[in-house]
Amino acid sequence: MAMKKIFLTLLLTSAYSLPAAAQGMALPPGIAAEIKQVYTSVKTNLLAAADAMPESNYDFRPAPEEMTFGGWVAHVADAQVGICSTLNGQTRKGDAASKTGKADLVAALKASFEECDKAYNAITDANATELVAYGRGQNARGGRLAYNTAHDQECYGSMAVYMRVKGIVPPSTAARSAGRGR
């Protein structure tokens, strides 16, 4: 069991350290701070993307078999409510998938981040490898939160493509460009 904890800690540390190191960013001490740093980054991008996309494009889908942009916002919100409420001790299901308007979807996304803020603020280096009940088994608290940020990054990547198709610069690109004086 101790070997599993050491392996998980090393795996999580390397997974979160490489992107930051590649960008020349100073790394905060500890795995909990690194997980929170990545979460904060994707949270910023997802909220900015949801805001930047005009309501008229929330029903846009690049191909019939793809989700709409609003569907992606709902998917992130509902996934986060499920993951983070479980880590917070009271499993809930989100209802964003039943919403269609931008204002309602953005509100659901913000509410999901409020739920996740609690879970991310509760993680420490000491409890990151603590096993928590999840689904049919148990997962490390840090592993579940790392999964959530990875899922959020994947969804943001899809949303960014939708934005580019509509001629909108994704927030992460806009932020990098602004830092370089472009």
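Visitor: Which side chains does a polar contact of 2.8 Å join?

Guide: This is a predicted model. In it, the side chains of His 151 and His 75 are joined by that contact. His 151 sits in helix H5, residues 141–165. Beyond neighbours within four places in sequence, His 151 is in contact with His 75 and Ala 79.

Visitor: Does His 151 count as buried or exposed?

Guide: The cut-off for buried is under 20% relative accessible area. His 151 has 10% relative accessibility, so His 151 counts as buried.

Visitor: How do I read the buried residues of a helix?

Guide: Start with the general idea. An α-helix has 3.6 residues a turn, so residues three or four places apart point the same way. Now take helix H2, residues 31–52. Its buried residues include Ile 31, Ile 35, Val 38, Val 42 and Leu 46. Seen down the axis, the buried residues of H2 fall within an arc of 165°, so they line one face of the helix.

Visitor: Which residues touch the most other members of the largest nonpolar core?

Guide: Tyr 58, Phe 69 and Val 73 do, in a core of 41 residues. Helix H3 gives this core its largest share, nine residues. Leaving aside neighbours within four places in sequence, the contacts of Val 73 include Ala 50, Tyr 58 and Met 159.

Visitor: Where is the pLDDT below 50?

Guide: Here is the rule. Where pLDDT is low, the predicted coordinates should not be read in detail. The protein chain has a mean pLDDT of 87. Over residues 6–18, though, the pLDDT is below 50.

Methods:
Residues numbered from 1 in each chain as written. Predicted model: local features only at pLDDT ≥ 70, side-chain atom pairs only at ≥ 80, totals over all residues. Heavy atoms only, no water. pLDDT = per-residue confidence, 0-100. Contact = heavy atoms within 4.5 Å. Helix = DSSP H or I, 4+ residues; strand = E, 2+ residues; numbered from the N terminus. Expected span 1.5 Å × (residues − 1). Buried < 20%, exposed > 50% of the residue type's maximum accessible area, 1.4 Å probe, protein only. Arc of directions from axis to C-beta. Polar contact = N/O pair within 3.5 Å; in protein donor to acceptor, adjacent residues only side chain to side chain. Core = buried A, V, L, I, M, F, W, Y, C linked by side-chain atoms within 4.5 Å.
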